[in-house]
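Reader: Could you walk me through this structure, and start with how you use your terms before going into any detail?

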Amino acid sequence: MPADTTAPVRPEKPSAAPPRRRTSTRALAVLGALLLLLAAVLLSLAVGSRSLPVSVVVDALRHDDGSTAASVVWDVRVPRTLAGIAAGAALGVAGALIQALTRNPLADPGLLGVNAGAATGVVLSLTVLGVTSLWASVWFAMAGAVVAGLLVYSLASGGRGGATPERLALGGAVIAAVFTGVGQTLMLLDAQALDQLRFWSVGSLARADSGTLTTITPFVVVGLLLALALVRPLNAMALGDDAARSLGAHLHRTRFLGLLAVTLLCGAATSAVGPLVFVGLAVPHMARMIVGADQRWTLPLSLLLAPALLLFADVLGRVAVRPDELDAGVVTAVVGAPVFIALVRHRRVVAS
């Protein structure tokens, strides 16, 4: 019989990791993102239904002389800009955390059901308790986010293996569907609530004020500190659970603290500006394309790029349909849709 000349099929080797980027290059990328954020802040303070020269904005920031320009800057645009910075940073870091925890490059802050829980908390406060104050509704949104996060972790941690990435994603999808259904049902049964919530549900910075900012800031700060404290175990978990254990990472503790950070960040951002889309999905991909998959650089860069993107979207919404205004959530959705399509079509882009 003739010899079998068919070569044995060898398993494909995993693709090589991207070349290690130099620290100086990454530091320059972070500096560039910081400058981009500063430019977005300046535009947010200067551009609106009544645009102001940059020199007037700077003078108003330095000396509040009671003029109309100073009133516009301090009473309207400063709270709006600070809310954009806080919400954008929270969503950007939360998106990077979720993609690292679930090892799913197409995950976003809504995947774990936290956004749906926060939105349902706001709907319940309005329809059942008659709460109309934005400051008060923030607390109900945070409560809804916490309840959703606890339910997701309880579902995911049951059984053997604990809260694996797959169980976290599936549990989040289930809880998100339940909370979304409850919230939509309540809104359909209460026409007045539906009318009041329709702008918030799109996502907008227009209603943000100093009281709301004061309320969400502690949650955002704690969430960001938790996220930055998890960079080393998250890097270890990217190698797989077994490798992470051999490197000394505590998987269950890391996932619990990561989910807690996501809950605080998403709950605070959603309660203040509504359920914005695509910010937490697209920004972590941009960060990884620039600095690689090392969470020590991805998280800080996401923290800077996300608020810059959100503020630019808000500014574009102010000038696109003057004298009216487009909500920032509409602009991020329009811009984010083609980005999402590109991420799906080009797998190299979404590799984490």
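Author: A polar contact here is a pair of N or O atoms within 3.5 Å; within protein, one must be able to donate a hydrogen and the other to accept it, and residues adjacent in sequence count only if both atoms are side-chain atoms. This is a predicted model, in which local features need pLDDT of at least 70 and side-chain atom pairs count only at pLDDT 80 or more, while totals for chains, interfaces and linings use all residues. Residues are numbered from 1 along each chain as its sequence is written, and side-chain values use heavy atoms, with hydrogens and water left out.

Reader: OK, which side chain does the side chain of N115 make a polar contact with?

Author: The partner is the side chain of T270, at 3.1 Å. N115 also touches P109, G110 and C266, as well as T270, if residues up to four places away in sequence are not counted; contact means heavy atoms within 4.5 Å.

Reader: And is N115 buried or exposed?

Author: N115 is buried because its relative accessible area is 10%, where buried means under 20%, exposed over 50% and partly exposed in between, with a 1.4 Å probe and protein chains only. N115 lies in helix 4, helices being DSSP runs of H or I with at least four residues and strands runs of E with at least two, numbered from the N terminus.

Reader: Which residues lie nearest the centre of the second largest pocket?

Author: N115, A116, A119, T180 and P275 do, in a lining of 23 residues. A pocket is an open set of points on a 1 Å grid over the protein atoms alone, where a 1.4 Å probe fits, with protein on both sides within 12 Å along at least five of seven lines, and lining residues have an atom within 4 Å of a point.

Reader: Switching to helix 6, where does Q184 fall on the accessibility scale?

Author: Q184, which has its place in helix 6, counts as partly exposed because its relative accessibility is 45%. The C-alpha atoms of Q184 and T120 are separated by 8.4 Å, although these residues are 64 apart along the chain.

Reader: What about L170?

Author: L170 is also in helix 6, and it counts as exposed, at 60% relative accessibility.

Reader: Last one: how many helices and strands are in the chain?

Author: There are 15 helices and zero strands, and buried residues make up 49% of the 352 residues.
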